[in-house]
Amino acid sequence: MNKNLKSKTLKNNSSKSIFPDTTDWSDINWRKIKKSTEKLQWRIFRVRIKNNYRQVKRLQRMLIYKKSTLLLAIKRVTMIDKDKISHDIEGFISLGDKELAELFDTMKTMNIKLHKPKPAYHNHIKTKKGKLRSVGMPTIRDWVYQEITRMTLEPQFEISFEPSIYGFRPNRSCKMALEEIKKIITSTNWNWVFKSDFNSCFDTISHDFILNQMVGFQLRDLIAKFLKAGYLDNDVFNSFGDGTPQAGPLPPLLANIALNGMEKALGIVHSITEDGDIYETKGKYRMIRYAGDFLIFADSKEDIEAIPNILNPYLEERGLKLDENKVDITKVSDGFDFLGHNFRK
C-alpha cells in the first residue's frame, strides 16, 4: 500500500482521510474504504471462477493485510453489532471515535495469523416466548478477526455455492427465496414438498469436514482456533466438541460451506455460464434452503418419501441428522408454511 495514501485527501478541499490518526476517526473516507475493499473481493471472485488458485491466494493475502480491511471490519462489527460484543474485558468500556481509533492503532500492529481467540462470554436472555436463550459474546478483537476472515473467504466460496442457498449470502435475501418458491410451485412438475431442518445444526457440524473444505486457505488455522475456542457460562469453561459458535460474522458462512452439496446429493444438475448464470436445471428434485431450514420438491410422493435415505450419506459426512420432529411431507395443493409465509398451489 502506497504510504502517500495516508495523507491523501478528497477533491474539492475535503479533509477526509483514508487512514486515521488516533484523533480523526470521524473523518475517515468510508466510501472509498468500502469501494477499495469490495473491488479486491470482486477480483478474488473473478479469478476463482477461472480456478486460478495461485491468484486467489495472492489476492486474499492482499485483502487480509490491507489497513482498509481492518478499518472496515472494525466499523462493521462495532457499529452494527456493538451490543453483542464483549469488549469490556479487553479494556474498551466504551466505543466512541477515540476508542475505535485506538483499537485500530493497536490491531494494525498485530499479526492475525498469531491471534489466539478467547472463549466467548455467554449471556442468558429471554425470548419473546419467555424462554431463556444463551447468547455468546466474543471479544471485540475476536469479532473483528472473524469479520476479516469472512470478508476474505466469502468471495472464494460464493462461486461454488449451490443456487438454492439463500440465507447469509451477499445479494440474496429472504424475499428472493420466497419468489423462487412461488416459481417452483407454479410449475406442473412439483406436486409434493418435503420440509425439514437439521437437528442441532450449529452444535453438531463436523469440524474436520469444515476444515477439509478450505485446505490452502491462509487463515485456516485461525478458523480451527475459533472452532475450538469454547465459551464461558457462569465463569465455567465449556469446549466445543463439534459444531460452530453461534455468534459472530463467520459461523453463518462456515455453516453454508459445510451444508453445501445437498443439491448434488439429490441429483440436481445446473448448466451454468462462465459468469455463473444458470440457463438450465435438470433432475427430479428442486430445493430451497435458508440457513438450516429447507424445502425439497418432487413430482411424486414416492420420490419425496425416498429423500431421507438419499440424504443419509450427505448427512453422515457432515455429522448431521434430520430433525425428525420437523419432517413434514405435504401435497403442494394442501399448502405449507416456510419463512413465515403460507404457500398453496
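**Packing of helices α3 and α4**

Helix α3 (residues 67–79) packs against helix α4 (residues 97–107) at an angle of about 140 degrees, the two axes lying 11 Å apart. Axes are lines fitted to C-alpha atoms over the stretch in contact, and angles run from 0 to 180 degrees between N-to-C directions. The structure is a predicted model, in which local features need pLDDT of at least 70 and side-chain atom pairs count only at pLDDT 80 or more, while totals for chains, interfaces and linings use all residues. Residues are numbered from 1 along each chain as its sequence is written, and side-chain values use heavy atoms, with hydrogens and water left out.

In the contact (heavy atoms within 4.5 Å), Lys67, Leu70, Leu71, Ile74, Thr78 and Met79 of α3 meet Leu100, Leu103, Phe104 and Met107 of α4. These residues divide into 8 nonpolar, 1 polar and 1 charged (Ala, Val, Leu, Ile, Met, Phe, Trp, Tyr, Cys and Pro count as nonpolar, Asp, Glu, Lys and Arg as charged, the others as polar).

Helix α4 also contains Glu102, which is partly exposed at a relative accessible area of 33% (buried means under 20%, exposed over 50%, partly exposed in between, with a 1.4 Å probe and protein chains only). Between Glu102 and Trp25, 77 residues apart in sequence, the C-alpha to C-alpha distance is 9.4 Å.

The protein has 13 helices and 12 strands (DSSP runs of H or I, at least four residues, and of E, at least two). Of its 345 residues, 48% count as buried.
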